[in-house]
Amino acid sequence: MSKGFKTEHEKDPIRLEKEMLDEVLSVSPIPIIIVKEDSTILEANVSACQLLEVSHSELIHQPYYLFFKSVPSPILSQYELIIKNGGELEDETLVSTSTGVIKHVELTIKKSEKYPHSLFYIRDVTKEKEKERNDHMTLHMLTNIFEYAAEGIILFDSRGNIQDCNHAFSKQVHLKKEEVLKRDIRSFVPQNFYYKIDKVRELLNSNRKARGEIPIQHAEGISVVEFTTSPFVHHQLHMAILRDVTEKRQMEIQLKRSEELFKDLFEEAIDAIVLWDHDGRVLKANHSALKIFECTLSDILTKKIEDFVYPLELNKFEAVMEELKITGAVRDEVLFLMPNNQLKHLEFTSKLHSVDGYNMTIFRNVSERYQMEKELRESEERFRKIFEGTLDGMILTNHYCKVVDANPVACKILNLEKDTLIGKDVKEIFGIKKEERKDYQTYIQTLREEGLANILRAVTKEDDRIQYIELSSKYNLLSNLNLTVLRDVTDQMEMQEQLRKSDTLTVVGELAAGIAHEIRNPMTALKGFIQLLENSIGEQHAMYFHVIKSELQRIESIITEFLILAKPQAVQYQETNLIKTMKDTVELLNAQAMMHNVQFNEYYQSNLSTLYAEPNQLKQVFINIIKNAIEVMPKGGYISISIEETEEQQIHICIKDEGSGIPKDKVKKLGEPFYTTKERGTGLGLMVSFKIIKEHRGTVEVESEVGAGTAFHIYLPKK
């Protein structure tokens, strides 16, 4: 081969290295710039141009340090030494782009002895640094939240061992943090709620969140908490946030009781009560209001109160309403015209924003009083004839309660001469004792404030016979004189007592036994706990427990035999949301179900038709059946409840338990008085329930299989 030609391998090594560098620059994804010894940029790849946000032509021949403005001078001096003398340097620094943006980079500077220029390898780590900074801030923020949160927070492993907790949780369980960290989650939960812990653990292990409500036990008792758990939040640990809702639940129970009390008072009030909005439109009215205004509930809900005002009294009513807007409360009397053209004088008291933001007016029919006053004003002489000839006793008294006049019947009732009565104080006549003066003063005060008052006096006669005298008084009937009508109602009271006893004897077998059934429930619980205590304490106190149990049995027998009947309340059918009634019942019995480790499976058909029924009675039916279902599953289980419509225009309610079941020959006897499958039951709960369903024109079917459970099917007509 001729010496004037060189092979590919015999080319200039520097040239070969440059060609290799050019090849690396063109294919490398890492930003690379080549810097000459005079610190100017000889070459750069596309990635470097993109990093520095500058074009290739603008970058070449520029001093490299223009892009390292944020780097301190001593560090730049180290870079220069490498450029001049060769070697290798690694640094984490900042570069400034042509647009002024500062980026975090990892910089490697290399210069070999074989190549005269320095290589700057630049890796953009801006996003990584930003992420590190955000992670640090997040960790700091989470640490603060963990320590200072108002809710309790715990971190625990997959086995439930508590690894960390905040101050709020230590306060919730009344323990120091060191004591908490020695325990697991189960130790804070009652045993009959372990199934919830297992369910939460299952969800967490499948990387799913869980939330719910659970009781926790501590030295001060038991609290109810709402919890939210998150899986694998830190180093394979789960996190739970717990909020104490004990007071909230107690307030909800108290609020529910208050609402039920208000509802009872509203519906059973003797006076008419009407709720209305700011336009005067009636929103709600009780039974007494419907009676006074002579219309149905659907009719009165389409009207305003002023629609009932007599036209000639409309101006007076509007003036009263204006006063109401100013003062917030008013009391007056107005003449009203009813839909049947009957005129009534109504005394009313109105108050703005009284109930749930709505206005309330209480009406009382005083038409009879007005009519009496009118007649008395028209003819005093006729009154005198009536006064003297009436069959009722009448006395006239002044405002000091001294007798001014008395008719013959009054003298006969009181067994006193008229001359003896005149001038005597009423208290002296009726022998008002010191302990009875409060009721008498109330009677007098009512008479003076409202113009009418009634009182019943029991007077002991000389032969020890009790005479009942009813006093009905009218205030200021004639110029500073009050009229009191006396009626000897002794025979009437005795007859009422006999009728009451007769009625009691008639219904005692059903009502009294029904009440006894409800009272025996807590008695059964009491006896059960006494038996538990007896078994746990031993035989040294056996005599005491024997006495306690015998006395409880005696109380139970007395309750059964001598319950006093309460006055039955009128049943009022109304449109009823059956699903809401069932949900209220389930909520009411949920605590008892939890104690027996019983859970509910509920299915309710959407858009279910409303039912015309008595909701409280239906609730009693559901309570009886569901309580029976709970009691037949002492080891726990599920109660399935469903409500749906059938093709026969009926609503089907099904309540199914997982108890031991009932033999077929005994199923037919369910609902008969005193027949029961429970050891200490009376059978009256189902008897009453079947009767209520029958009164609602419904039917009850019982389906049971021994060892599989019992299902009650209730069918109620939709109309």
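**Salt bridges, a helix and positive phi angles**

Glutamate 106, with a relative accessibility of 31%, counts as partly exposed in this structure, which is a predicted model. Arginine 123 is likewise classed as partly exposed, at 36% relative accessibility. These two residues form a salt bridge in which the closest N and O atoms are 2.9 Å apart. The bridge connects distant parts of the chain: glutamate 106 belongs to strand 4 (residues 102-111) and arginine 123 to strand 5 (residues 118-124), 17 residues apart.

This pair is one of the salt bridges in the model; a search of the whole structure finds 23 of them. Another joins the side chains of arginine 364 and glutamate 450, with an N to O distance of 3.4 Å. Here too distant parts of the chain are linked, since arginine 364 lies in strand 15 (residues 358-365) and glutamate 450 in helix 18 (residues 437-450), 86 residues apart. Both partners are partly exposed: arginine 364 has a relative accessibility of 33%, and glutamate 450 has one of 31%.

A further salt bridge brings together the side chains of arginine 487 and glutamate 470, at 3.6 Å from N to O. Arginine 487 is in strand 20 (residues 481-488) and glutamate 470 is in strand 19 (residues 466-478), so the pair ties together parts that are 17 residues apart in sequence. Arginine 487 is partly exposed, its relative accessible area being 32%, and glutamate 470 also counts as partly exposed, at 30% relative accessibility. Returning to the opening pair, salt bridges that share partners join Glu106 and Arg123 with Glu128 in one network.

Attention now turns to helix 8. This helix has twelve residues (194-205), which at 1.5 Å a residue should span 16 Å; its end C-alpha atoms are 17 Å apart, in agreement with that expectation. Its buried residues include Ile197, Val200, Leu203 and Leu204. These four cover an arc of only 125° around the axis and therefore lie on the same side of helix 8. The spacing can be read against a general rule: an α-helix has 3.6 residues a turn, so residues three or four places apart point the same way. Among the elements that cover the buried residues of helix 8 are strand 6 (152-156), strand 8 (210-218), strand 9 (221-234) and strand 10 (237-244).

Just after helix 8, asparagine 207 adopts a positive phi of about 60°. Two further residues have a positive phi as well. Cysteine 401, a residue other than glycine, has a phi near 65°; it is found in the loop between strand 16 (393-397) and strand 17 (403-406). Asparagine 607, also not a glycine, has a positive phi of about 55° and sits in the loop between strand 22 (598-604) and strand 23 (611-613). Asparagine 607 is exposed, because its relative accessible area is 77%, over the 50% cut-off.

Confidence remains to be considered. The mean pLDDT of the chain is 81, and 86% of its residues reach 70 or more. Over residues 1-10, however, pLDDT stays under 50, and the model has three contacts for them beyond four places in sequence. The pLDDT is also below 50 over residues 561-569, a stretch with twelve contacts in the model beyond near neighbours in sequence. Where pLDDT is low, the predicted coordinates should not be read in detail.

How values were computed: Residues numbered from 1 in each chain as written. Predicted model: local features only at pLDDT ≥ 70, side-chain atom pairs only at ≥ 80, totals over all residues. Heavy atoms only, no water. pLDDT = per-residue confidence, 0-100. Contact = heavy atoms within 4.5 Å. Salt bridge = Lys/Arg side-chain N within 4 Å of Asp/Glu carboxyl O. Helix = DSSP H or I, 4+ residues; strand = E, 2+ residues; numbered from the N terminus. Buried < 20%, exposed > 50% of the residue type's maximum accessible area, 1.4 Å probe, protein only. Expected span 1.5 Å × (residues − 1). Arc of directions from axis to C-beta.
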